[in-house]
Amino acid sequence: MLKLDRLVNVLGGYGTRLVCAPASRDVPLRSVVVHDPADPRPATGDVFLAVGVGSAPEAVRLGAAARAAAVLVRDSDSDSGSDGGDGDDAAAEGRAAGVAVLLVDPAVSWSQLLGIVYGLVLEGRETEAGRGPTDLFAFADTLAGELGYPVTVEDQMSRVLAYSGSQQTADPVRLETILGRRVPEEMRGLLEGKGVFSHLAASDEPLFVEPSPEHGLRGRMVVAVRAGRELLGSIWVECQRPLAGRQRDRLADGARAVALHLLRSRVSADLERQVESDLVIQLVEGTTDAPALISRLGLPGGQFRVIALQAHVGAERHAAVLTAFERATTGFGWSRPGRSALFGNTLYTVLPCGNDAAPARDWVRAIVSVLPRGVIVPAGVGGPAEPAQLPASRQEADESLALRAAVPAGPVVYDESWDEILLQRLRAAASSGRTPARGPVADLTRHDTEHGTRYVETLRAWLEAQGDLAAVATRLGVHPNTVRYRLRKMAAVTSLELDRPEKRLAMIIGLALHQG
């Protein structure tokens, strides 16, 4: 069932703002009515769209006459940035009438809002009636009762979406699948070898999978769940022999019903993802209204980190990251720790996370665990930031991601790799201009190339050892006198001035750039 709270949260992503809610935000919304001045017949509905109404107070009065719980009215003051005018008048009228009032951004068309509101209300009505996307478990129980066997519903990647309740007679494979929320890899290989997945990809006919006792597998009846030509998932029935007659027909009917469930779920999820992505992108690109966006996203107060993640298999840079985005945004907002957006081929996530980066590592690990094997997943984690500082955390996440994107080995956390990132910034800055042709590092590099000396290596060792001759000699594997001799020869090649701190710092940076 759609509640006012969810309507406010979703429409908030489109610039709509709630100015008053005299009753609870848990008010149910089951119907929509659009103002039509040409129709004299009274119309009623829970959500009233005041299309074409000139003033906000008049829109609220019309909504109250329509017995609406919420009224959407055009905000004529949004361009001026005023908080008064229509908003105050509409709020006063709404409080008097006991009606929630939402002011609509003039930049958003009524047709777009109408589609969103109708979609949300329709989804809520279907869920309430037991036909919505959140009712797959009840459906699995019903189908299992009709067939007399345990049922599992899976997506196209063999992840469990729902299963019937009783597990008393389940075989080991079913139990392991339910506990792990996906078919075990060994069993997927066995089923693939039997041609099961090829059959599901090509046919809508139910298929019986012969038992395999040595693998803990009893017989299975499986049917594809499809929308048009697209395979959405499958229904699995644990049974000792093939289903026939009415049982087989009921399984086929069940596949069509599940397809509708999944399509409705996809439409709802896509709408939520679009709203979430828009808000997250605003946050990481910079906005003066960051705290309000955090609130709209349902995130707690405090500090956050931005995670930048990519995923690819070989040269394919898009399919895997789309899967990662789907997994990152699956589930209701309050059940997920972060909020995500897909921007180009990078998944950005704003995650509540302070000085301890462990939650960010755990988030990346969770995403990797649900992706297919063989997917390369480089990730970068920005530093902790207040909402207004999230663009800086996003830049740090991008730089951390780029640091070892070619050879990923777990996420790169900015706090732990700031020195490498700083040097990377310096290299990038240096590459925008000509590399200095003079100076100690350039002169010694040229001398080493022409004469086979090891002056650059000696200079680096001396600077890193802070002038400790014994440590330099040990590192280079030579006698301290050799180090002294080299330093005298190096001073004859170029002006070192090792007694000046600013010169030493510049040479350290120059050597770092030279090494990069």
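How exposed is D398: buried, partly exposed or exposed? I looked this up first. D398 is partly exposed, with a relative accessible area of 25%. I call a residue buried under 20% relative accessible area, exposed over 50%, and partly exposed in between (1.4 Å probe, protein chains only).

**Ground rules.** I am working from a predicted model, in which local features need pLDDT of at least 70 and side-chain atom pairs count only at pLDDT 80 or more, while totals for chains, interfaces and linings use all residues. Residues are numbered from 1 along each chain as its sequence is written, and side-chain values use heavy atoms, with hydrogens and water left out.

**Entry on D398.** I followed its side chain next. D398 forms a salt bridge with R394, and the closest N and O atoms are 3.0 Å apart. For a salt bridge I require a side-chain nitrogen of Lys or Arg within 4 Å of a carboxyl oxygen of Asp or Glu. Both residues sit in helix α13 (residues 390-403), four residues apart, about one turn of the helix. R394 is buried, with a relative accessible area of 15%. Helices (H or I, at least four residues) and strands (E, at least two) are DSSP runs, numbered from the N terminus.

**Entry on other salt bridges.** I find 21 salt bridges in the structure. R220 and D171 meet through their side chains at 2.6 Å, N to O. R220 lies in strand β11 (residues 220-227) and D171 in the loop between β9 (160-163) and α6 (172-180), so this pair ties together parts that are 49 residues apart in sequence. R220 and D171 are both buried. I then checked E276 and R336, whose side chains form a salt bridge at 2.7 Å, N to O. E276 belongs to helix α9 (residues 245-285) and R336 to the loop between α11 (319-328) and β14 (339-343), so the pair ties together parts that are 60 residues apart in sequence. E276 is buried, and R336 is too. I also noted a network of salt bridges that links E497, R500, E502 and K503.

**Entry on the sheet.** I traced an open sheet of five strands, in the order β2-β7-β6-β5-β4, with mixed pairing. I count two strands as paired if DSSP finds at least two bridges between them. The edge strands are β2 (17-20) and β4 (32-34), each of which pairs on one side only. The twist averages 25° from one strand to the next. Strands β6 (residues 70-74) and β7 (residues 100-104) pair in the parallel sense over five bridges. In this pairing V71 stands opposite V101 in β7.

**Entry on the packed helices.** Helix α1 (residues 4-12) packs on the sheet and touches β2, β5 (47-49), β6 and β7. By contact I mean heavy atoms within 4.5 Å. The direction of α1 makes about 10° with that of β7. Helix α2 (residues 56-65) lies across β5, β6 and β7, running at about 150° to β6. Axes are lines fitted to C-alpha atoms, for helices over the stretch in contact, and angles run from 0 to 180 degrees between N-to-C directions.

**Entry on the cores.** The largest nonpolar core has 45 residues, and those with the most contacts inside it include L7, L72 and V350. Such a core is a set of buried Ala, Val, Leu, Ile, Met, Phe, Trp, Tyr and Cys residues joined through side-chain atoms within 4.5 Å.
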